[in-house]
Each structure stands twice: as structure tokens, then as C-alpha cells.
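Please keep the sequence and the structure in view while reading.

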Amino acid sequence: MADEVLLSEGEWRLWNEFALRGPGFPAAGVLRLAPLGLAEAADGVDGLTGPEWLAFEERFADAMVNNVKELQEIAALPAFRAAVAWQNPALVQRGIGLFLAWDPSAEGRTSKRREREELVAHYWQRFCVKNDTIGFFGPVGWGRWDESVEGVTVEPGSGLVAESNIYFSSWAVDAVARTIGVDPRLRAWIAPRRVSFVRVTGDLAGMPGRLPQRLEPLEREILVRCDGIRRPAELAAALGGEVAEDAVVSILDELVRRRLIVWRLEVPTCAHPEQYLRTVLDRVADPELRRDALSKVEVLERGRDRIQAAGVDADALSAAFTQLESEFETLTQVAAQRAKGKRTAPCRALIYADCRRSATVRIGAAIRDELTPLGLCLTSARWLTGRFAEVVGRRVRQAYERLRDRDGSADLASLWMECLPAPHGESIADIDRIQAELRERWARILDVPEGARRVRLSSVDIADRVREEFAETGPSWPQARYVSPDVMVVADDAAEVARGNFELVLGELHVAMNTASTSLWVMQHPDAGRLLAETSTDFPGPRLLPMLPKEQPPRWSARSRISLDRPEDYYVALVDHTVDPERERTVLSADVLVEERGDGLVAVLPDGAEFDVLDVFSNAMTNRVMDRFALRPVADHSPRVTVDRLVVARESWSIPVGDLGFVSEKSEARRFVSGRRWRDSLGLPRFVFVVSPGEPRPFYVDFDAPVYVNIFAKAVRRLARQDPGGRVVITEMLPSPEQVWLTDDVGNRYTSELRFVAVDQSVR
């Protein structure tokens, strides 16, 4: 195995374990949609009229009919149809089925049928060249550093997927829990809990922003014992048996009315919420009540089992999804699909699948030795988080002083509420300013010549400048010690890496994040204990972890929850209580005091443990900085910048929609030819990715493939209608579909990226 992989003179350590991201269909699949010779023919046409043009139009029409047949072959693939079924089960019959039933002809390519062509092509590009992590069409992969390997070694395993797991969205199980919980007979089996921000002081119950409520002695005794563990009978027993259970229930009803406690069937954030719900209901002693409640959970479980049994049979999958959705809606009176949009969290469907890729990789010295430029990027990311932490720290301190001066002291719940929206109201403007400064400092370091297309630099030449520009780093928050960079290897095959014939590309750099610690990744690791061991190396002592909401639009869900927690770590409930109440070291924010220690603030837990108060704001701060790393300013054109062998910035263009006149051309043939001429005028490569504010995610475009030019044109037209002043950002695809090295057991090749976990060693 590898020794420690250290960067920047030991300031950063890379975890021995790293994630391998890649799609579930071979990269060459997208090349099937570029008709042979059509691009060259388009470039050879002098004008858009006359006999030569008419001949090209005829050739184009024939090519598009053949392209439809190619798309139909793709759409008929069982794995493709199954992948679509997981994304949109109704589409298998409504869209894909109708598309497959069509006998294509040039005259029959109506607008509706072209929409179906583009639909298949759009899914296909995602399944072939997007490094997603979802289902078998984006399986989670793993790799390790290994000093015995010179370059990259792929161990393909057997088949594409080694293990497949199905999970319920947390909101779906919550809906069933609410349905079960309306039965009044169940209350005796549900443990009430105090609201996390309710503080009990003497005979007063205080909440941030509200006047304290006076408590009768018995109300107080019951309230302080509402821990989410003791049921009404146990609360009565804890009072020495002097108060009847009916009297306790009456007081609990009053505490609910006053919003001091929560008394309902709740499921904490976990990978298998239906199992937790079943465990709770199994404790119900009344056989009839237990059976009735569990029958509702079984609706979900039977539906999951039918979906699992369907495998890659798209028709069976679609039917199983439809049946589960119908039964769920009948049971809960809740829609089984949540609307797409920025206000909706991920996991919009009732159920989803995550899979572990059979292939694993080992990488060694050849790649390790070319990561020096990555260390320079990490140093600047540390500056970014340090500056932000400094600003947030001042804002939080001001909020604390307001509370202290008004109330004489502050608890964590009051401080959190005082800072809303977390971490504070000006945080977006603050990080905008810091990000702009980051770009300015990198601009001075890189000193890119005006009009350059390619910039090559040496890490030796810029290292001192990086350290000068980013030397100011103050204390940060614990999670900010992590950065998760995506690195792609550009090589014709794995053997070429050992020979030195490769290049590296820095993709996204996820700041203040360890993405390998989230449920998605941890649940698909063959031995999560190895990930926990890495965590304990980074944090030998306990951590203070904020309880996070189960989901938060547009990106947060239970699938992305932190899962590498240990028994010695503390959880604090700020507003949401999403951890099992029976877990040790679980505290309420109202019970945590905030006190001054020198120039800083600490959170003092009920058992006396102390943590920097910014630990509690860690996730809120990470949400602000996670995607803010940027080397280059926003510009009409940005060159490819390579430091040593690492491309730290790919070439990109920011284009106003008004400059894309060809997209409005009605004739497909003219649109294709004009689009290629427009591409040549800017020097764009054949393969690109496009980001449009009107689209949910980046999409691939091959300018040799008319169907992808059509998809691009439609996206631009859509954006122009929404925002006539809008821009699309186009970035070169690097590596291209032909520069891939990840293989399966039958030799298919896939796009991929390595997601490392980098840990700041300069602070502990």
C-alpha cells in the first residue's frame, strides 16, 4: 500500500482511499450519433443555395433518418430503457415506446418525433459522458493509492456493478409515518421530546424571540424529562408513580399546544428510514395496533421488493414504479412525485438506487508526482475559507454581544436564531467579495497574456507567488480542513500513464467538504471502517456536529448527510432534530451555553465539553463556499491554463444568447452548417460541455452530431425567451470521449474522474 501522499511540503495529506466517478455506459456511445462524413460535407458547402446545397440537404436528410435508426437501437437497449425508467418511469411507454414504434422517414420527422429523438439523445449523453453518481448508470467506484503501481491499474471485476442497493427518500417514509401517527391509540407508544430551542430555567420555558412561559411545577418536571426516549408511561414512572398516566398525557397535550414539545411519530435521518420506522412500531405491545401500523410500512416494502425483482426489465420496472406510486398516494394522500425546481430538494421520487462499481483502480507514483500544482490550488482554497471564517466570526461575535448585552448571557439556540439566515444575513455578499479577490490574486499569479488560447506554467515558477498572495490564513472551521478535488486523467489507455504519456485535468474543487463522508459514498464502500479510520486520523478527538435538516433545496438531502460520525462525536440539535434521540452525546441547542474565551467564543455543552462556536455553523458556512473556488475571472474567453502536467483551468467561452443567431434557423441542415461555421469562428473544439441558466445541469455537445447541435440550439432559444440578456458558458471537453482509460471486464471504456480527499495538516 501507499505511504502517505503529501502535497505542499506536507501541508496537505491525501486520503489513501479515493472515489472513482464515472457513468454506466461506454463513452464511445455518443460517437454513434455523429453521421460518418457529414461534418466534412457540411464544411465543404460554399453557400446555402444552389445545386450543391440541394445535394447536401438530401444527404443531410438521409443521414438524419439513419441517425433516428441509431437512436432507436440505443432506445431499445434494455439497460438504457431501465435507466430511463429509474429517472422517469412513465416516459418508458409514453415517449420511448412511441419512438421505437415509429418507422422513420425524412417526411415523417415531425416536430414531435424530433423531440423524441432529442429526448433519447439527451439521456444518452448523460449516461455515456457525465460522471454522475446515481444508480447503475452512474455507479459509485473506489480506488486506492499503491506505491507498487507506477501509473494506473484497473481491476475490472465482474460485470459493471458489484452491488446494488435501493433506498427510500426520507420524505416518503415521513409521509407514511404521519399517516400512521394520526391514530390516537399510538400516542401511548410515542416518546415526546422537548423542542430543541426551548430552554428551561427555573419555572420558565424560554424560546428565542418569544416571551418566557411560566411552568407549573409538574409541567416543568415533565418537560425536562421529554427526551424523545421515554414514553408517557415511562414519564409517569419517572415521577415516582405519584402522577397517573392520564394526568401526564393531559400535561403533554398542553405542552404540545404551547409548542414546547413535539409528540409525534418521527424518523431520524438514516440510510434506511423504513427499517427504523418498523423497529419503532415493533415495540407496540397491542397486536392489532401494531399489525395495522406495520401494514402501512409494508406498502413501501412490497413496492421496493417488486422494483428490485424487476432488475433491468424496463416494462416491469415502469409497472412496479407505477403501482408503488398509486399505493403510496392512496395511503398517504401525498403526491408520489415532487415537482422539479430550485425549491425542491433532491430525491424527488419515492425511491432511488445507488450501486457500487465492480471496477476498482490503484494509482501510484506517476500521478502522485504530478500533483504539485494541486497543492497550490489547495493553499488558495485554505485562504478562501480562512477569510470567510474571519468575516463570519465577526458577524457571529456581534450577534453574541447583542444577546449578552440584552439578556446577560446567551445559549446556542438564541445565537443561532440571531444569526439567521445562517451563517448570517450578509454571508452571500461576503463570499462574493472574497471569491472576487481570490480571482484577482490568481490573475496576478498567472499573468495570462491578452488573447492567449494556451498558457503553460511551471509550479516552481509560481509557487512563491502563490504563497505570497495566499499567506494570510486565519483559523477556520473543522470541516474546512477538507477539500475534495476532482482530477481526470487524459490518456489513451491505462498503460500509457506508466509510460508518461498522460495529462491531468482539475475538474471541480469542492471546498470545505469531504464528499466521501456522505451517505451516498459511505453506504457504497466495501469497508466503511477504512473511511472511519481516515477520519480518526484527521480528528483524533471528538467533534461537535450540527444536526442538519433531512433535506434543503436545491442540493441537500438525506443521501448527502454526513455518515462518518463516531460514538465520541457530539450532535447538537439547532432547529431540526434529525438524529436518533437514543444516541449518546446528543444535545439540544438550548442546553448549550455560549461563553467568551479570550477573543473567541466557545459552545459549552451540558457535560462541560467545549468547542469553538463556529463548529456549529460548519455546514452553513460550507454551503456558502463549497463551489466558490475559481482561478479565472468571468470573461468572454478564458484560455486553457496548464501548470506542469495539470490543467488547472479548461478553455471556456461565455456567449450572449444574442450572438447565437444560427439557433433560430428553421432548417436543420442550415442550422447544422451555420452552427459549425459559428464554432469555427470562435475556435471551439468538437466536444464541449454547455452550462445554461435555463437547464438543470451541464450537457454535452458534439458539433459533428446534428442532434446535439439541435439540443444546444433549443437550450439557447429557451434561455433567450427567459432572459434575452442571458449567457451560456461553453467549456472544452477534456478528456474527450476518445481519451478514456477506465475499462470493464469486456474492454468497454468509460469516462471517469478521481475524487480525492485532501486534508489540511497545518492546523489540528
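## The annotated region

The model is predicted. An unreviewed UniProt entry annotates residues 77-711 as "domain: Lantibiotic dehydratase N-terminal".

Strands of a sheet pair through backbone hydrogen bonds, in either a parallel or an antiparallel manner.

S8 and strand S9 (residues 204-207) run antiparallel and are joined by three bridges. Val 200 has Ala 205 in S9 as its bridge partner.

How do helix H14 and helix H16 run relative to each other? The axes of H14 (residues 372-407) and H16 (residues 427-446) come within 10 Å and cross at roughly 150°. Because angles over 145 degrees count as roughly antiparallel, H14 is described as roughly antiparallel to H16. Their crossing is right-handed.

On the side of H14, the residues making the contact include Leu 376, Trp 383, Leu 384, Phe 388 and Val 391. H16 contributes, among others, Ile 431, Ile 434, Leu 438 and Trp 442. Arg 387 and Arg 395 of H14 also take part, as do Asp 430, Arg 433, Glu 437 and Arg 441 of H16. By type, the residues of this contact divide into ten nonpolar, three polar and six charged.

Another open sheet consists of five strands in the order S23-S26-S29-S27-S28, with antiparallel pairing. Which strands lie at its edges? They are strand S23 (637-638) and strand S28 (699-702), each of which pairs on one side only.

Strand S27 (residues 687-691) runs antiparallel to S28, and four bridges join the two. In one of these pairings, Phe 687 has Asp 702 of S28 as its bridge partner. Helix H23 (residues 706-722) lies across S27, S28 and strand S29 (727-732), and runs at about 125° to S28.

Definitions and conventions:
Residues are numbered from 1 along each chain as its sequence is written. This is a predicted model: local features need pLDDT of at least 70, side-chain atom pairs count only at pLDDT 80 or more; totals for chains, interfaces and linings use all residues. Side-chain values use heavy atoms; hydrogens and water are left out. Two strands pair if DSSP finds at least two bridges between them. Contact means heavy atoms within 4.5 Å. Axes are lines fitted to C-alpha atoms, for helices over the stretch in contact, and angles run from 0 to 180 degrees between N-to-C directions. UniProt positions are given in the numbering used here, feature names are shortened, and annotations may be inferred rather than shown by experiment. Angles under 35 degrees count as roughly parallel, over 145 as roughly antiparallel, 65 to 115 as roughly perpendicular and the rest as oblique. A crossing is left-handed if the near helix is turned anticlockwise from the far one by less than a right angle, and right-handed if clockwise. Ala, Val, Leu, Ile, Met, Phe, Trp, Tyr, Cys and Pro count as nonpolar, Asp, Glu, Lys and Arg as charged, and the others, Gly among them, as polar.
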